[in-house]
Amino acid sequence: MKLFLDTANIEEIKKVNEMGLLNGVTTNPTIIAKQLTNTKSEDLFKETKKILKEICSISEVPVLAEPISQECENIVEESIELSEISSQIVAKIPLTQEGLKAVKILKERNIKTALTLIFSLKQALIAAISGVEYICPFVGRLDDIGEKGIELIYNIVKVYKVYNFKTKIIVASVRNIEHIINSAIYGADAVTVPYKLIDELINHPLTQKGIEKFLEDWSKLSNR
Ligand code: G3P
């Protein structure tokens with residue numbers, strides 16, 4: 001399973017990359033907006049592209065970037081502009097009729113695409129039929145409305161296997177370690193993780209305790 005980072009914060013991306021854990025980066029307008037709070041409205045797209053360019057320069061991994069437009073023609077235009085930043089860019093598009101039309105056109109132009117805001121098996125099925133490279137099913141937001149988001153991942157993996165669909169599943173809206181562990185158990189291709197969960201993924205109290213014991217025993221020996 002691959003680890004994507006769900007952030008546009010350069011420092012966070014660098015830290016994860018330095019540990020050799022960065023397999024990709026996902027962004028969306030909310031994530032980008034957090035980095036642009038002091039940007040003038042006329043500079044927003046220019047600054048977005050700057051951030052994406054910097055992210056792409058950190059490591060040669062896929063970087064998912066979302067156009068703002070919702071009509072096919074404009075989605076395509078924006079996605080092409082984003083894809084000109086780097087061949088790493090994947091145009092991440094909400095699953096709508098306009099979005100599907102855009103994916104078809106972008107595929108014909110060899111621009112990589114992801115369909116996002118997937119909340120059901122029927123949507124995941126439609127997305128795979130469209131031949132999109134990635135889907136982003138949102139588990140946390142399903143939990144928010146009282147559903148078990150992770151069950152969707154189990155079902156998508158199962159159905160994709162039956163039909164040998166090539167579309168890759170990036171589990172999104174990941175809120176806790178359980179989401180990550182269960183995504184791995186069910187066989188999702190990737191999870192996209194907020195930076196705040198990275199520490200929790202690495203640490204275990206017994207690891208720290210073990211280090212302390214090793215050091216204590218070693219210092220006893222060297223202080224004889
Ligand atoms: O990966 C999608 C993510 O950015 C949305 O997460 O927590 O706002 O549902 P959340």
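Visitor: What is a disulfide, and how many are there by this rule?
Guide: A disulfide is a pair of cysteine sulfur atoms within 2.5 Å. By this rule the count is zero. This is a predicted model: local features need pLDDT of at least 70, side-chain atom pairs count only at pLDDT 80 or more, and totals for chains, interfaces and linings use all residues. Residues are numbered from 1 along each chain as its sequence is written, and side-chain values use heavy atoms, with hydrogens and water left out.

Visitor: Why is cysteine 56 too far for a bond?
Guide: A disulfide is a covalent bond between the sulfur atoms of two cysteines. The closest cysteine sulfur to that of cysteine 56 belongs to cysteine 136, 16 Å away, so a bond is ruled out by distance. Cysteine 72 is in no disulfide either; its nearest cysteine sulfur, in cysteine 136, is 19 Å away.

Visitor: Is cysteine 72 buried or exposed?
Guide: Buried means under 20% relative accessible area, exposed over 50%, partly exposed in between (1.4 Å probe, protein chains only). Cysteine 72 has 9% relative accessibility, so cysteine 72 counts as buried. Cysteine 56 is buried too, at 7%.

Visitor: Which residues surround the ligand?
Guide: A residue is near a molecule if one of its heavy atoms lies within 4 Å of it. Asp6, Asn28, Ile31, Phe138, Arg141, Ala172, Ser173, Arg175 and Thr192 surround the ligand.

Visitor: Which distances should I check there?
Guide: Look at N or O atoms in side chains. Ligand oxygen atoms lie 2.7 Å from one in arginine 141, 2.6 Å from one in serine 173 and 2.8 Å from one in arginine 175.

Definitions and conventions: Polar contact = N/O pair within 3.5 Å; in protein donor to acceptor, adjacent residues only side chain to side chain.
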